[in-house]
Amino acid sequence: MSSVKAVYPREELQVPLLMGLLFREVSTTMAAEEWGGLRQSHFRVISSVPPEGISVTELAERVGMTKQGCGQFVTTLVGSGHLKVEQDRTDRRVRRVRRTPKGNRTIVSVTDRILAIEDDWASRVGERRYRTFRRVLEELALDQ
């Protein structure tokens with residue numbers, strides 16, 4: 001991160017910029033992996049599908065997308081073999097989205113890679129400081 005200091009004056013290093021730099025680090029690391037053309041937004045959709053399945057409408061709400069946009073993601077992920085769509089057993093009008101075994105394997109792989117990134121960050125700043133950082137992030141992000 002020493003290159004950041006050379007590019008940005010310290011007084012311009014607001015939290016959103018710093019978070020963006022960390023997101024860039026994650027994106028660069030994830031892009032170096034072979035994920036079959038999937039992006040982080042795809043991983044977010046796949047990981048948001050619970051084992052019992054979910055309707056496209058509920059999935060859209062969960063990931064903060066429009067129903068149409070989420071439907072396009074689902075169509076792409078069905079095409080790549082990560083998700084499947086079935087009619088709901090109790091209401092034939094509802095389509096249930098479920099993960100496939102490939103989708104499950106992908107999420108396990110992505111989660112393992114993210115945990116490795118977090119382990120690297122913890123080793124760079126120390127385990128205790130990283131745990132504090134993570135707790136503060138969780139508090140800010142989840143306790144709104």
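The side chain of arginine 98 reaches the backbone oxygen of glutamate 52 at 3.0 Å. The model is predicted: local features need pLDDT of at least 70, side-chain atom pairs count only at pLDDT 80 or more, and totals for chains, interfaces and linings use all residues. Residues are numbered from 1 along each chain as its sequence is written, and side-chain values use heavy atoms, with hydrogens and water left out.

**Exercise 1.** Describe the surroundings of arginine 98.

*Solution.* 
- Step 1. Locate arginine 98: strand E3, residues 95-99. (Strands, E, are DSSP runs of at least two residues; helices, H or I, of at least four; both are numbered from the N terminus.)
- Step 2. Check burial. Arginine 98 has a relative accessible area of 14%. Buried means under 20% (1.4 Å probe, protein chains only), so arginine 98 is buried.
- Step 3. Find a side-chain partner. Glutamate 86 makes a polar contact of 2.9 Å with arginine 98, side chain to side chain. (Such a contact is a pair of N or O atoms within 3.5 Å; within protein, one must be able to donate a hydrogen and the other to accept it.)
- Step 4. List neighbours. Leaving out residues up to four places away in sequence, arginine 98 touches several residues, including Val49, Pro51, His82 and Arg89. (Contact means heavy atoms within 4.5 Å.)

Terms used: Buried means under 20% relative accessible area, exposed over 50%, partly exposed in between (1.4 Å probe, protein chains only).
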